Amino acid sequence: MRVVGLDLGGTKIAAGVFDGERLLSKVILPTPKEGGMAVVRALAEAARQAEAEAGEKGVAIGLGTPGPLDFRQGTIRFTPNIPGLVDFPIRKLLEEATGKPVHLENDANAAALAEHHLGAAKGERSSLFLTVSTGIGGGVVLEGRVLRGERGQGGELGHITLLPGGPVCGCGLEGCLEALAAGRALEREAAYAYHRPLSNQELFALFEEGDPKAQRILLQAARYVGLGLASLVKAFDPGAVVVGGGLALNAPEGYWEALHAAYRHYLAGWEVPPLRKAELGGDAGLLGAALTAYLEVRDGTG
């Protein structure tokens with residue numbers, strides 16, 4: 001059985017044909033800046049090109065998209081980086097454009113699903129995935145399926161509150177894990193400490209040189225991630241914890257040491273699930289989108 005995976009991002013659309021274990025093709029197209037229906041047309045074209053490259057047709061489409069979703073209605077409630085997608089009936093419109101059934105999933109949940117079935121948590125009954133990049137997202141997989149929650153809001157791991165009264169987050173609340181430890185948070189702290197804009201790569205370099213400001217900024221962020229993960233483990237008790245995302249995976253080893261230390265410290269007295277680095281890299285979202293459709297079709301649940 002073949003399905004098409006589509007991963008919608010703020011700047012690019014990734015598409016591929018998937019056979020249950022691997023991608024048979026991969027196509028990248030730019031995300032139309034005008035948004036709206038132009039995005040639907042680009043998604044349909046990406047799917048067509050992926051099928052042509054693979055020489056195989058998909059029986060269904062899995063679409064991973066940013067922003068909160070209404071799974072019952074098949075709509076994108078809103079996306080922060082793509083215009084014209086507010087209460088947008090993406091499922092209906094993409095089904096009309098492709099003639100195939102479409103299965104939706106949040107992009108971070110899709111990546112969690114991929115790491116569970118094909119990556120660092122393969123073989124586990126349950127897993128928790130956190131991606132630390134420009135922002136922080138994640139997902140929880142139980143018995144092989146993503147935990148969405150009653151209203152589709154489950155798995156918003158970057159928005160657990162760790163510091164009431166702390167920095168204001170992009171979601172509008174304050175003290176979220178994302179506001180304390182994501183890439184934008186590090187850049188905010190670095191700009192204040194060094195009196196100039198500083199990229200995360202520059203901050204990493206200063207950290208490696210032993211610069212005390214960089215050490216404090218990065219180690220503090222790592223400890224917040226470890227604390228957040230430990231708190232989530234107490235809620236979900238996963239078989240394994242997986243951490244990915246461009247910031248975390250490119251961070252110096254000292255960052256990981258501090259993250260692990262905080263994770264163990266805040267789980268003292270508890271059984272501690274293994275904490276692993278993500279394995280699938282930039283393909284996790286695309287693979288997870290395809291897996292969403294593959295599992296639904298295979299199990300006859302959608």
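Contact is taken here to mean heavy atoms within 4.5 Å, and helices (H or I, at least four residues) and strands (E, at least two) are DSSP runs numbered from the N terminus. The model is predicted, so that local features need pLDDT of at least 70 and side-chain atom pairs count only at pLDDT 80 or more, whereas totals for chains, interfaces and linings use all residues. Residues are numbered from 1 along each chain as its sequence is written, and side-chain values use heavy atoms, with hydrogens and water left out.

The protein chain contains 10 helices and 12 strands. Its C-alpha trace spans about 55 × 45 × 35 Å along the principal axes, and buried residues (under 20% relative accessible area, with exposed meaning over 50% and partly exposed in between; 1.4 Å probe, protein chains only) make up 54% of the 302 residues.

In helix α6 (residues 200-208), the buried residues are Asn-200, Leu-203, Phe-204, Leu-206 and Phe-207. These residues lie on the same side of α6 because they cover an arc of only 165 degrees around the axis, the arc being that of the directions from the helix axis to the C-beta atoms. They pack against α5 (183-194), α7 (212-236), α8 (246-250) and α9 (253-265), while the face turned away from the buried side carries the exposed residues Gln-201 and Glu-208. After α6 comes Gly-210, with a positive phi near 85 degrees.

Gly-58 is placed in the loop between α1 (37-54) and β4 (61-65) and counts as buried, at 6% relative accessibility. Apart from neighbours within four places in sequence, Gly-58 contacts Arg-2, Val-3, Val-4, Glu-51 and Lys-100.
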